[in-house]
Amino acid sequence: MIAKKTEFEQLHKYVEESSGNEKNICEITAIKNGSVVYEDYWHGYRRGDTLNVMSVTKSVMALLTGIAIDKGFIKSVDQKVLEFFPDYWVKRGEKTIYDVTLRHLLTMTAPYKYKSEPWTKVCTSDDWTKAALDILGGRNGISGEFKYSTLGIQILSGVIANASVMKLIDFANTCLFEPLGIPRHTNKKDSTKEEQFDFLMCKEPKGNVWYADQQNVNTAGWGLALSANDLAVIGLMCLQKGIYNGRRIVTEEWIDAFSTPYIDLDDRFGNMSYGFLWWIINANKRIYAAIGDGGNIIYVNEAKGVCVGIAGTFKPRIFDRVQFIQKKIEPLL
């Protein structure tokens, strides 16, 4: 049963008056049974305005990986990473990198040679993918340990670009965005640390852009700008097992694959599980999400036929957006 108008107005007021975790929300779009049932905006944002959806970018990369597999550009998730970079020179004595597969990247079990991610080194280099390859591997071997990495996932951008012989943004526009009715995106290239910080912190709409390095290879772990409507539409495609407006975007097998729990995590990660760059909230009920910093999210609940997109400005340490959806939005749908 759809909530009365007054209940949605109360939700709007709740977000508007929030001084805590909901304070940074700019857009919400909720879909049930294929139709938009709630759409709302705050902080001067309007329909079509986009925000940096942060690590939701990773989950979009998972979808693009599945499409590349469907099209035969990638054989399987068990292909070795270095197969896609035949010209990459491996440092002397390095052995682990030869055995790292796409599956390791997708499940965040790839090993890296750092204690904390070297942001400045990678993001001010001319070739972020090569810089990410340089930190892959290490003496400890492949342990299977979950190690959440934003910089390491950059390697996936190079994989898809090299495998498809297309710029990643062209591949995304042609194979995902345009079929979903999402506006074509263009590359945004800022080379300095200050420019990148401004893109992260600025509270103005971003436009239809995706961050890219000087090689026109897009960021895989952050930097994609989408609206809440865009997020909800991606969720709807997932909810419909890879189909949108009667068109097959990605196989049902890939939807099932990325939303399968491969690793169970502890309370540091909300006791969720991890699939292929998607968070699994409840495997039995088929609830999963793409989650980014600032509470940006694509939430999919297959049992209820619900998907929700929320976009907001940067605000660190927001971990309860799933709870917000389940307590404040789903009961109204």
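Helices, here runs of H or I of at least four residues, and strands, runs of E of at least two, are DSSP runs numbered from the N terminus. The exercises below concern a predicted model.

**Exercise 1.** Determine which element gives the most to the lining of the largest pocket, and describe that lining.

*Solution.* 
Step 1. Begin with the space itself: the largest pocket holds about 990 Å³.
Step 2. Identify the residues around this space. The lining comprises 31 residues, and those nearest the centre are Ser55, Tyr148, Thr150, Gly292 and Asp293.
Step 3. Assign the lining to elements. At least two residues each come from helix 4 (119–123), helix 8 (193–201), strand 11 (279–282), strand 12 (287–292) and helix 11 (321–329). Helix 8 gives the most, namely four residues.
Step 4. Sort the lining by class: 16 residues are nonpolar, nine are polar and six are charged.

**Exercise 2.** Describe the second largest pocket by its volume, its lining residues and their classes.

*Solution.* 
Step 1. The volume of the second largest pocket is about 280 Å³.
Step 2. Its lining has 16 residues, with Phe85, Tyr88, Asp127, Lys130 and Leu133 nearest the centre. Two or more lining residues come from each of helix 5 (128–134) and helix 6 (154–164); helix 5 gives the most, with four.
Step 3. By class, this lining contains seven nonpolar, four polar and five charged residues.

**Exercise 3.** Characterise strand 1 (residues 25–32): is the strand mostly covered or uncovered, and which strands does it join?

*Solution.* 
Step 1. Taking under 20% relative accessible area as buried, seven of the eight residues of strand 1 are buried, and the strand is mostly covered.
Step 2. Strand 1 runs antiparallel to strand 14 (residues 306–312), joined by seven bridges; Lys32 is partnered by Val306 of strand 14.
Step 3. Six bridges join strand 1 to strand 2, again antiparallel, and Thr29 has Glu39 of strand 2 as its bridge partner.
Step 4. Strand 1 and strand 2 form a hairpin with two residues between them, and Asn33 in the turn has a positive phi of about 50°.

Note on methods. Residues are numbered from 1 along each chain as its sequence is written. This is a predicted model: local features need pLDDT of at least 70, side-chain atom pairs count only at pLDDT 80 or more; totals for chains, interfaces and linings use all residues. Side-chain values use heavy atoms; hydrogens and water are left out. On a 1 Å grid over the protein atoms alone, a cavity is a set of points where a 1.4 Å probe fits but cannot get out, and a pocket is an open set with protein on both sides within 12 Å along at least five of seven lines; lining residues have an atom within 4 Å of a point. Grid points are joined across faces, edges and corners, and a volume is the space filled by probe spheres set on the points. Ala, Val, Leu, Ile, Met, Phe, Trp, Tyr, Cys and Pro count as nonpolar, Asp, Glu, Lys and Arg as charged, and the others, Gly among them, as polar. Buried means under 20% relative accessible area, exposed over 50%, partly exposed in between (1.4 Å probe, protein chains only). Two strands pair if DSSP finds at least two bridges between them.
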